[in-house]
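Please read this briefing alongside the sequence and the three-dimensional view.

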Amino acid sequence: MKLRMFQIDAFTQTRFRGNPAAVCPLDKWLPDSVLQSIAMENNLSETAFYVENSHNTYDLRWFTPEVEVDLCGHATLATAFVLAREFCLPGPFVFHTRSGPLTVTCNADAFVMDFPCQPPIPCDLPDALVEGLDVEIKEVLRAEDYLVVLETEAQVRSLVPNHEKFADLDLRGIIVTAPGDKTDFISRWFGIGVGVAEDPVTGSAHTTLTPYWAERLGKTCLTAKQVSARSGYLDCELGTGAFTGRVIIRGRAVKYMDGWIYLDDSLRV
């Protein structure tokens, strides 16, 4: 049995930048253990699997090398890229996921993703964050991730986290953010709860970053950069009116690779 698979660099127009995601189209679902094994073998922060339901409507799931996750931005963008650019489908695409329906619209040079908003709330500062980040923290909040606010972009860039100190933290990840030198804000993301030491560009984290920075800066349309070693850019908008409670994320992508993976026929269900 062989399956088609693509590797897409998301939130960039330059190969070897942005966040690489694997995308694997399926005719029907394979056992979860097989999906997890494929993701482990790929050893990327996310592998996306999708099954078509009806025209432009799909079930979509995402796996890190260790676990299935509830929401992933860059692998959703990568999946839309495969459907639009590789299979020449017009969209918009509706993905049914563990986070509800996600709609992606294809523009001429970008993909526009409609995600749920996850506003952060203030919280106590865990000792593990103080010890693991070893930097002066201006503010800490929480949603699905901890949101740690620093004073400058330089502080975020220079962080060398001690991941051993994060072992007892109870959330999915840690977002570290600050005002950007050339964008409205910048960030890094450490996936302490999902087996990803540092994710290059984390679309889902921007469902928390966007409402925070929209309130702080007093505007709804924001430019963002994730300043990992690979780095990537996002345009974010806090939804209003009919889109209240949503975050709109725009990003680009480029294909790095496509091919086939081979599995034993015994793995069919």
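Predicted model: local features only at pLDDT ≥ 70, side-chain atom pairs only at ≥ 80, totals over all residues.

Residues are numbered from 1 along each chain as its sequence is written, and side-chain values use heavy atoms, with hydrogens and water left out. Helices (H or I, at least four residues) and strands (E, at least two) are DSSP runs numbered from the N terminus. Buried stands for under 20% relative accessible area, exposed for over 50%, and partly exposed for values in between, with a 1.4 Å probe and protein chains only.

- Helix 2, residues 73–86, contains 14 residues and spans 19 Å from its first C-alpha to its last, close to the 20 Å expected at 1.5 Å a residue; the expected span is 1.5 Å times one less than the number of residues.
- Twelve of the 14 residues of helix 2 are buried, so that the helix is mostly covered; among them are Gly73, His74, Leu77, Phe81, Val82 and Leu83.
- Helix 5, residues 206–217, is likewise mostly covered, with nine of its twelve residues buried, including His206, Tyr212 and Trp213.
- Just after helix 5, glycine 218 adopts a positive phi of about 70°.

**Backbone angles in loops**

- Cysteine 88 is not a glycine, yet has a positive phi of about 55°; this residue follows just after helix 2, in the loop between helix 2 and strand 6, and is exposed at a relative accessible area of 67%.

**Strand pairing around strand 3**

- Strand 2 and strand 3 (residues 46–54) run parallel and are joined by six bridges, where pairing requires that DSSP finds at least two bridges between two strands; within this pair, valine 23 stands opposite alanine 48.
- From strand 2 the chain passes through helix 1 (residues 32–42) to strand 3, in a β-α-β crossover that is right-handed, a term for a path from the first strand over the helix to the second that runs clockwise when the strands point away from the viewer.
- Strand 3 runs antiparallel to strand 4 (residues 57–63), and seven bridges join the two; here alanine 48 stands opposite tryptophan 62.
- The hairpin of strand 3 and strand 4 has two residues between the strands, and in this hairpin asparagine 56 takes a positive phi near 65°.

**A nonpolar surface patch**

- Phe16, Tyr256 and Met257 form a nonpolar patch on the surface, with about 330 Å² of accessible area together, as computed by the Shrake-Rupley method with a 1.4 Å probe, only the protein chains shown counting as cover.
- Patches are made of residues with over 30% relative accessible area and no salt bridge, like charges being joined within 9 Å and nonpolar side chains (Val, Leu, Ile, Met, Phe, Trp, Tyr) within 5 Å.
- Phenylalanine 16 lies in the loop between strand 1 and strand 2 and is exposed, at 58% relative accessibility.

**Salt bridges**

- A search of the whole structure finds 18 salt bridges, each being a side-chain nitrogen of Lys or Arg within 4 Å of a carboxyl oxygen of Asp or Glu.
- Arginine 142 forms a salt bridge with aspartate 170, their closest N and O atoms being 3.5 Å apart; because arginine 142 lies in strand 10 (residues 139–142) and aspartate 170 in the loop between helix 4 (153–158) and strand 12 (174–179), the pair ties together parts that are 28 residues apart in sequence.
- Arginine 157 and glutamate 153 meet in a salt bridge at 2.8 Å, N to O, both lying in helix 4, four residues apart, or about one turn of the helix; arginine 157 is partly exposed at 42%, whereas glutamate 153 is buried at 7%.
- Asp32, Arg61, Glu68, Asp70 and Arg98 are linked in a network of salt bridges.
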